[in-house]
Amino acid sequence: SDSQTQTPDSEFLAEAVDYGPYDSEVQSETITVKSAAFLRSCWQRRKVIAAIVIVGMALSAFLAVLLPNIYTSTTTLMPPDSASSFSNIMGLLNSSNSAAASLGAEAFGLSSPSDLFLGILDSRNVRDGLIARFNLIHYYHSKLPEDARKRLRANTTIGQDRKSGIITISVSDKDPVLAAKLAEGYVEGLNRVVTDDSTSAASRERV
């Protein structure tokens with residue numbers, strides 16, 4: 001009776017061992033069946049998938065038409081030479097007879113013409129002049145002048161090439177004419193501030 005009860009167990013173990021190497025093949029066949037079923041399902045719903053793709057493309061094209069075009073106007077400034085009015089200002093700031101002004105220039109890091117130009121272009125004085133000149137409060141639909149300043153600053157990019165000292169002013173707007181006028185307005189505002197400061201500094205030096 002013992003031999004009879006042990007025989008089925010040994011046969012079961014042998015069968016289990018024999019079926020072990022086929023597990024990977026069964027899994028691969030299962031993946032193949034699932035992939036085929038997925039592709040078959042997609043083919044059966046091909047009209048729905050095509051409709052979704054077409055609707056998505058139509059919505060994208062519609063949004064692209066509705067969104068306004070943004071134009072960017074860029075102006076570049078060469079660093080001033082030794083004969084410019086800026087050099088006169090820097091000479092007055094760094095002169096031995098103007099210790100307080102020299103200390104202020106060092107505190108603000110105004111060691112080069114381009115540094116001072118960047119500070120002037122990014123100043124409230126220049127931006128307020130542009131806001132008043134082009135009525136940007138009404139154009140930007142702003143309630144307060146500060147909102148117009150923030151909008152103008154967000155649309156303006158002022159950068160500098162450290163090697164050459166060239167300053168780049170870029171203004172973006174949906175109106176290309178206004179973008180060009182604002183970029184030119186920054187340069188005009190810079191010239192105005194430099195000229196006024198140069199005249200004032202020269203007057204103080206004479207006094």
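In this predicted model, aspartate 128 has a relative accessible area of 27%, so it counts as partly exposed. Its side chain meets that of arginine 149 in a salt bridge, with 2.6 Å from N to O. The two partners come from distant parts of the chain: aspartate 128 sits in helix H7 and arginine 149 in helix H9, 21 residues apart. Arginine 149 itself is buried, because its relative accessibility is 13%, and buried means under 20%.

An α-helix has 3.6 residues a turn, so residues three or four places apart point the same way. Glutamate 146 is partly exposed, at 38% relative accessibility. Put together, Arg124, Asp128, Glu146 and Arg149 are linked in a network of salt bridges.

The count of salt bridges comes to six. One of them joins arginine 153 to aspartate 122, whose closest N and O atoms are 3.3 Å apart. Here too, distant parts of the chain are linked: arginine 153 belongs to helix H9, while aspartate 122 lies in the loop between helix H6 (113-121) and H7, 31 residues away. Both ends are partly exposed, arginine 153 with a relative accessible area of 48% and aspartate 122 with 32%.

Now for the two helices themselves. In helix H7, which covers residues 124-134, the buried residues are Val126, Arg127, Leu130, Ile131 and Phe134. Looking down the axis of H7, these buried residues fall within an arc of 135°, so they line one face of the helix. Arg124 and Ala132 are exposed on the other side of H7. Helix H9 (residues 145-154) has Ala148, Arg149 and Leu152 as its buried residues. Down the axis of H9 they fall within an arc of 105°, so here as well the buried residues line one face. On the other side of H9, Lys150 and Ala154 are exposed.

Asparagine 135 is placed in the loop between H7 and helix H8 (136-139), and its relative accessible area of 43% makes it partly exposed. Further along, histidine 141 is found in the loop between H8 and H9. Histidine 141 also has a positive phi, near 55°, and is exposed, with a relative accessible area of 69%.

Strands make up another part of the picture. Three of them form an open sheet in the order S1-S3-S2, with antiparallel pairing. Strand S1 (71-77) and strand S2 (156-160) stand at the edges with a single partner strand each, so one side of each has no neighbour in the sheet. From one strand to the next, the twist averages 15°. S1 pairs with strand S3 (residues 167-173) in the antiparallel sense over seven bridges, and serine 73 stands opposite valine 171 in S3.

Finally, there is the surface. Ile49, Val53 and Met57 make a nonpolar surface patch of about 290 Å². Valine 53 lies in helix H3, residues 46-66, and counts as partly exposed at 44% relative accessibility.

Key: Residues are numbered from 1 along each chain as its sequence is written. This is a predicted model: local features need pLDDT of at least 70, side-chain atom pairs count only at pLDDT 80 or more; totals for chains, interfaces and linings use all residues. Side-chain values use heavy atoms; hydrogens and water are left out. Patches are made of residues with over 30% relative accessible area and no salt bridge: like charges are joined within 9 Å, nonpolar side chains (Val, Leu, Ile, Met, Phe, Trp, Tyr) within 5 Å. Accessible areas come from the Shrake-Rupley method with a 1.4 Å probe; for residues, only the protein chains shown count as cover. A salt bridge is a side-chain nitrogen of Lys or Arg within 4 Å of a carboxyl oxygen of Asp or Glu. Helices (H or I, at least four residues) and strands (E, at least two) are DSSP runs, numbered from the N terminus. Buried means under 20% relative accessible area, exposed over 50%, partly exposed in between (1.4 Å probe, protein chains only). The arc is that of the directions from the helix axis to the C-beta atoms. Two strands pair if DSSP finds at least two bridges between them. Axes are lines fitted to C-alpha atoms, for helices over the stretch in contact, and angles run from 0 to 180 degrees between N-to-C directions.
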